[in-house]
Amino acid sequence: MAAMFARALEKLATGLARTRQRLVGSLKAMLTGRQLDDALLDELEARLIQADIGVATAARIKADLQAAYKDKRLARAEDVLEFLKADLKTNWPPADRGIRLAVTPPTVILIAGINGSGKTTSVAKLAWQFKQEGKKVVLAAADTFRAAAVEQLSIWADRIGVEVVKGAGDPASVAFDACDAALARGADILLVDTAGRLHTQDNLMRELTKIRNVVSRRIPGAPHEVLLVLDATTGQNAINQAKAFAAAVDVTGIFLAKLDGTAKGGIVIAIRNEVNLAVKFVGLGESYEDIEPFDPDQFVEALFA
Ligand SMILES: Nc1nc2c(ncn2[C@@H]2O[C@H](COP(=O)(O)OP(=O)(O)OP(=O)(O)O)[C@@H](O)[C@H]2O)c(=O)[nH]1
Ligand SMILES: [Mg+2]
C-alpha cells in the first residue's frame, strides 16, 4: 500500500513538474531573504493567480497569511511555503471522489466534453484502470460522426484488451446496443465515448440527453456517472466549460486531462472553489497508464515535492 502510494505520488509529481516550477519554484526564489510585508504578500497573490489558482482563492490565501503573521504563527518569509501547503490541504472537504458503482452491474459511465479535451484517451485510461482491478469492461464508440474517432477507440480497445461496440447508426443507438452487449457479456463497466461538443450547440446537447435517456431506459439507474473531461491546459476556460456543462447535463464528476502538459495546474484548486463538482481523476500523459485518482493531500504533496 505504501509502495503504491509512493508510486502514485511520483507519477503525479512528474506530471506536475511544470506547475511546480512555475508556482513553487518561483515562490521559493521570491521569498528567500525577504521581509514578510504587504508588498511581498501582493507579489505572492499575483503568482498564485498566474498559476490559475483563481482570484478568490488567491485573495483568501493572502488573508490567511496576513492573519497568521499578525498572530505570530508565521514569522519568516521562508516559512510561507509550509504554511501555504497546509493551507491548501484544508481546501477540500471530504467528498465522494470514487466512481459510483451500480448495485447490479454494469456500471455505465458517460464521457462528455468539448472537442479535443481528452475524452477518448480518458476512456482508454479508465478502461485500463478498471481492467487492472479485475473488472470486465466494454466500450461504446458513440462518437459516430468521424470514422477516425471509432478507429481511435478501437485501437485503444485492442491495446488494453477490452471489447468495443461500434455501429452505423446514430450515437444513441450505438449506446443502446452497447448496453445490450454489456448485459449479454456480464460486463462490470460500460464506458461510453461521445463526440466533442460545445454547451452552446443545442442540437448536440440534446443528442447527449438522448444518449442518456436511451441508456437509462435500457439499464435502470444508468448512467451511474457522467464524467466531464476538461483540458487542464485551457486554464480558467475549463471553469467556464464546467459550469456550462453542469447546467446542461447532470455531470457527476470531472476527469481533468493533460495536467502534465501545463504550468496551470492550480486549476485543480480553482475548480474546487468555483465549481460544485469533484475532480475524480487526473490525466498525466498520453498513455493509458497515465491516470491517477484525484487525492487532494497527494496533489498538494506532489505540488511541493
Ligand atoms: N499530455 C497529455 N495529453 C493528453 C492527455 N489526454 C489526452 N491527451 C492528448 O490530447 C489529444 C486529444 O485527445 P483525445 O482523447 O483524442 O480527445 P477527445 O476529447 O476524444 O477529442 P475529440 O473526440 O476530437 O473531441 C491527443 O493528442 C491526446 O494524446 C493527458 O492527460 N496528457
Ligand atoms: Mg474523441
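Student: Helices here are DSSP runs of H or I with at least four residues, strands are E runs of at least two, and both are numbered from the N terminus. Which loop holds K72?

Tutor: K72 belongs to the loop that runs between α4 (55-70) and α5, and although K72 is not a glycine, its phi is positive, at about 60°. Please keep in mind that this is a predicted model, in which local features need pLDDT of at least 70 and side-chain atom pairs count only at pLDDT 80 or more, while totals for chains, interfaces and linings use all residues. Residues are numbered from 1 along each chain as its sequence is written, and chains are lettered from A and ligands numbered from 1 in the order in which they are written.

Student: And why would anyone flag a phi like that?

Tutor: It is flagged because most residues other than glycine have a negative phi, and most peptide bonds are trans.

Student: OK, then which peptide bond is cis, with omega near 5°?

Tutor: That is the bond from P105 to P106, and P106 sits in the loop between α5 and β1 (107-112). The bond from A222 to P223 is cis too, with omega near -5°, and P223 is found in the loop between α9 and β5 (225-231).

Student: Switching to the sheet: what order do the strands have?

Tutor: The sheet is open and has 8 strands, arranged as β3-β2-β4-β1-β5-β6-β7-β8 with mixed pairing, where two strands pair if DSSP finds at least two bridges between them. The edges are taken by β3 (163-165) and β8 (291-293), each of which has a single partner strand, so one side of each has no neighbour in the sheet. On average, and with direction ignored, neighbouring strands of this sheet are turned by 25° against each other.

Student: How many bridges join β7 to β8?

Tutor: There are 3 bridges between β7 (residues 279-283) and β8, and these two strands run antiparallel; at one position G283 has I291 in β8 as its bridge partner.

Student: G283 makes me think of the ligand. Which residues are closest to ligand 1?

Tutor: The closest are G118, T120, T121, G196 and G283, out of 20 residues that surround ligand 1 (near means a C-beta atom, placed from the backbone, within 6 Å). Helix α6 (residues 119-132) gives the largest share of that shell, with 3 residues.

Student: How does that shell divide by class?

Tutor: The shell around ligand 1 contains 11 polar, 6 charged and 3 nonpolar residues. In this scheme Ala, Val, Leu, Ile, Met, Phe, Trp, Tyr, Cys and Pro are nonpolar, Asp, Glu, Lys and Arg are charged, and the others, Gly among them, are polar.

Student: Now helices. At what angle do α8 and α9 pack?

Tutor: Helix α8 (residues 171-185) and helix α9 (residues 202-218) pack at about 25° with their axes 9 Å apart; axes are lines fitted to C-alpha atoms, for helices over the stretch in contact, and angles run from 0 to 180 degrees between N-to-C directions.

Student: Which residues meet there?

Tutor: From α8, P171, A172, A175, F176 and C179 meet E207, K210, I211, V214, V215 and R218 of α9, contact being C-beta atoms, placed from the backbone, within 7 Å. This α8 with α9 contact has 8 nonpolar, no polar and 3 charged residues.

Student: And where does α5 meet α12?

Tutor: K85, L88 and K89 on the α5 side meet P296, D297 and V300 on the α12 side, which gives 3 nonpolar, no polar and 3 charged residues for this contact. The axes of α5 (residues 80-89) and α12 (residues 296-303) cross at roughly 160° and come within 9 Å.

Student: Last one: how do the axes of α10 and α11 cross?

Tutor: Helices α10 (residues 236-248) and α11 (residues 267-274) cross at roughly 35°, their axes coming within 10 Å. In that contact A238, I239 and A242 of α10 meet I267, A270, I271 and E274 of α11, a set of 6 nonpolar, no polar and 1 charged.

Key
Two residues are in contact if their C-beta atoms, placed from the backbone, lie within 7 Å.
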